[in-house]
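Please find below my notes on the two-chain model. They are set out as numbered points, in the order in which I would read them.

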Amino acid sequence: MLKDLFFPVTGASTDDATLAIAEQIAIAYRARLIVSVPAAVPTAVAAPWGFAPGPVLAQVLEEVERHAKRRAEELRARMAKSEAAWDVRVDRTRLFDPPEALTLQARYADLSVIAQPRGKDASAAHAYFEAFLFESGRPVMVVPADVAPRRFDKLLLAWKPTREAARAIHDALALFAPREVEVLVVDAEIGDLAHGDEPGADIAAHLAERGLKVNVTRRSSGTASVATMVRLHAAETGADLLVAGGYGHARLREWVLGGATRDLLESLDLPVLFSH
Amino acid sequence: MLKDLFFPVTGAATDDAAIEIAASIASAYDARLVATVPAPAYAPLATPWGVTPDSVALAEMLDLVESDARKRMESLRARFRDLEPACEIRMDPDHFFAPARSLARQARYADVSVIACPSGTDGETAHAYFRALLFESGRPVLVVPTTPVPATRFSKMLVAWKPTRETTRAVHDAVALFSPVSAEVMAIDPDISVFEHGAEPGADIATHLARHRIRTQVTTRASGGASIAQVLLAHAKETRADLIVAGGYGHARLREWILGGATRDLFEGLDVPVLFSH
């Protein structure tokens, strides 16, 4: 059950729109929205002439904290009128890795929400996505800027027989208690290491055991990308949320430069829940 | 919500006691128990003198392995006949891979796997299953003692809290599966620096658990010479906790670290089920 929702303020231009969506989700599930503003604290750096001088560091620190506090005040003013329960906080992070440091705070929530990587803020959003997916131990929801969020009653599961996908669907069930799951298998490879003889059948049986309405669809992508197939299917079935495993474990993180996870991340017009 | 439990039949002497506990947990939660017997076989190996074993010998070996597995399956079916259909016994005819890894793939279609606490001569087999399930299934693993357990419905959990992603997963998995009534968050020898526990070890996760309407209490302890596992187990006994929740193997550590450390220590003298996630 969704009780605490975590939203990291990334400093990107999409922050406001994403916050509004996170707020709607919090309202729909009567959850609390935790908004965290990072204050990137400078650390003493060894330089050829010794450590950078203390007074300078202190000045920078003061400036950083003042800036973060101001942003937090703005956000508190914005949230004051909200119907959602909320908390706006400043969290100290190390200078170079606010995303990694904020994942520590994300552990105390059920779910984090971040913006879909797009335009000039894409690389910042990617850094947050990767850090949260790999380090927080919690699922990450990626939302496009222009969706009207609802309750997530009908899920589209992009099924692959991997531990990441197994985690993602179980996380989604625990968080949203949906009514219906559409299991989509694209380009199933049948074999010992991959799907069994009936791709998607085992997970569908497990979902049905919980009283969910389940339907399995198998498609081959042909010349289209997996992400395109998923997008089309989501539109056809009217799913509220896509559920997918994020980056198979055999792949290097550098694989992030291409592949289905990245395509899904950047091209979808519905929210996506990823687990790793 | 617990609906499907997975029990890999490892062939260890501890199987019988553990499957009994798994079946009682399943019935306490009105869940289904799926027990799977592996039928592993050797893959032919190319060697300088040809492929060994040859196809005739290989076929014989496969037959033998399969008939053994079938016998085991039949005897389990007979034993749990009364519990059908809430208890299902299957066979996994896996011809090429290690049985532990193959069964870890089956575990993805359940909410949690149950295995016996590794001990005695079968310890290595149990460890292999534990590792495979923990690292490959994407589902939590419930390690049960082979002695009678205090409860098969878990209402009072003891969280071995560390601010790591594994422990975070374990806590959330436990809440989703068992909806416990109360939780004690225990931080042993906490490092209170900013990027570890912080000034109040356990306070943040306790606040979050309270949001899930779980009665929560935080305890900080110094181990003072005892191992982390000893402190945990003793505390569980004192407070009559019916489940311990822990992160399995921190991610920075090599799997070989398995040869020592808190996760493995917990298996020594375990008398309460432990839920591990990775």
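1. Over all chains, a search of the whole structure gives zero disulfides, a disulfide being a pair of cysteine sulfur atoms within 2.5 Å. Buried here means under 20% relative accessible area, exposed means over 50%, and partly exposed is in between (1.4 Å probe, protein chains only).

2. Basis. This is a predicted model, in which local features need pLDDT of at least 70 and side-chain atom pairs count only at pLDDT 80 or more, while totals for chains, interfaces and linings use all residues; side-chain values use heavy atoms, with hydrogens and water left out. Residues are numbered from 1 along each chain as its sequence is written, and chains are lettered from A and ligands numbered from 1 in the order in which they are written.

3. Extent of the interface. Chain A puts 39 residues into the contact and chain B puts in 38 residues, where contact means heavy atoms within 4.5 Å. About 3,600 Å² is buried between chain A and chain B, and carbon and sulfur atoms give 50% of that area. Buried area is the accessible area (1.4 Å probe) that two parts lose on being put together, summed over both.

4. Charged pairs. How many salt bridges does the rule find across the interface of chain A and chain B? There are five, a salt bridge being a side-chain nitrogen of Lys or Arg within 4 Å of a carboxyl oxygen of Asp or Glu. The side chains of A:Asp4 and B:Arg211 form a salt bridge, with 3.0 Å from N to O.

5. Chain A's side. The elements of chain A that give two or more residues to the side touching chain B are β5 (85–94), α3 (98–106), α4 (122–135), α5 (163–176) and α6 (201–209). The largest share, six residues, is from α5(A). Helices (H or I, at least four residues) and strands (E, at least two) are DSSP runs, numbered from the N terminus.

6. The chains. Chain A has eight helices and 12 strands, and chain B has eight helices and 12 strands. Of the 276 residues in chain A, 53% are buried; of the 278 residues in chain B, 52% are buried. In chain A, 79% of the contacts with a separation of 6 or more are between residues 24 or more positions apart.
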